[in-house]
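Biologist: Can you walk me through this model? Start with the terms, please.

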Amino acid sequence: MELEAATRRFQLWLRGLRSLRRDLRTARWADDPAQLAKLVAGYVSHFADYCAARAELDPVWTLAAPWASPVERGAAHWLAGWRPTTLVHLLYTESGRRFEAQLPDLLLGVRSGNLGDLSPAQLAQIDELQRRTVAQEDELSREMARVQEGHGAVGAGGELGDVGGLVGRVGAVLAGADALRLRTMKRAVEILEPAQAAELLVAAADMEIGFREFGLKYDGVGAGGS
């Protein structure tokens with residue numbers, strides 16, 4: 001029952017993500033910063049709600065993520081989700097792509113206000129965000145490695161001790177990973193202007209949905225098209 005509810009929750013979250021992506025993609029071309037800011041806040045809130053719902057799950061289900069395809073789990077997951085630094089890398093990629101496309105205009109002093117038009121102050125803050133996030137990711141990875149090695153749960157003779165405590169530690173690491181994902185998203189949005197944040201979140205949604213669609217297609221082929 002819990003697995004069915006968790007799968008349904010994921011499907012509803014993904015449906016909401018598609019809707020938010022559509023709204024952001026449409027609104028980013030409108031000259032309405034207030035509306036963009038509202039939609040960006042809605043996207044962040046949508047992810048925060050999903051993280052809160054995941055925290056109520058058995059950590060074993062969260063880590064196994066049976067609702068995700070093998071491709072998603074193998075290629076896109078770090079501690080049951082995307083790496084927080086992936087969002088920063090995506091920001092740099094989208095910024096560089098737009099910067100190259102509009103370089104002639106920038107040289108003429110024409111500013112676009114999109115991700116290709118980041119200020120030196122914004123770039124400095126993004127660099128700091130990346131360095132801080134990498135360090136926090138590394139600490140979480142080390143903690144999960146200690147859990148997987150059975151530190152504190154396996155006796156000298158190889159017998160398994162406090163299983164409940166071990167599962168609790170897994171849950172704590174996964175909660176820490178979700179919290180880091182959410183902090184990274186919130187900080188990136190704070191650094192960016194509403195139109196820039198909208199572009200980043202659309203790209204993030206494209207990535208999430210793209211992995212999902214590719215995974216389902218790949219698994220369907222592997223299962224004989226079923």
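Modeller: Buried means under 20% relative accessible area, exposed over 50%, and partly exposed in between (1.4 Å probe, protein chains only). This is a predicted model: local features need pLDDT of at least 70, side-chain atom pairs count only at pLDDT 80 or more, and totals for chains, interfaces and linings use all residues. Residues are numbered from 1 along each chain as its sequence is written, and side-chain values use heavy atoms, leaving out hydrogens and water.

Biologist: So is L79 buried or exposed?

Modeller: L79 counts as buried because its relative accessibility is 12%.

Biologist: Where does L79 lie?

Modeller: In the loop between α4 (70-76) and α5. Helices here are DSSP runs (H or I, at least four residues), numbered from the N terminus.

Biologist: And what does L79 touch?

Modeller: Skipping residues up to four places away in sequence, L79 touches R54, L140, M144, V173, L174, A177 and R181. Contact means heavy atoms within 4.5 Å. The C-alpha atoms of L79 and V173 are 7.9 Å apart, though 94 residues separate them along the chain.

Biologist: New topic. Which residues touch the most other members of the largest nonpolar core?

Modeller: L24, Y43, W67, L91, M185 and L200, in a core of 44 residues. A nonpolar core is a set of buried Ala, Val, Leu, Ile, Met, Phe, Trp, Tyr and Cys residues joined through side-chain atoms within 4.5 Å.

Biologist: Which helix gives the largest share of this core?

Modeller: α9, with nine residues. A second, separate core has 12 residues, including L79, L140, V147 and V173.

Biologist: Which residues of α7 are buried?

Modeller: Q122, I126, L129, Q130, T133, E137, L140, M144 and V147. Just after α7, G150 has a positive phi of about 80°.

Conventions
Helix = DSSP H or I, 4+ residues; strand = E, 2+ residues; numbered from the N terminus.
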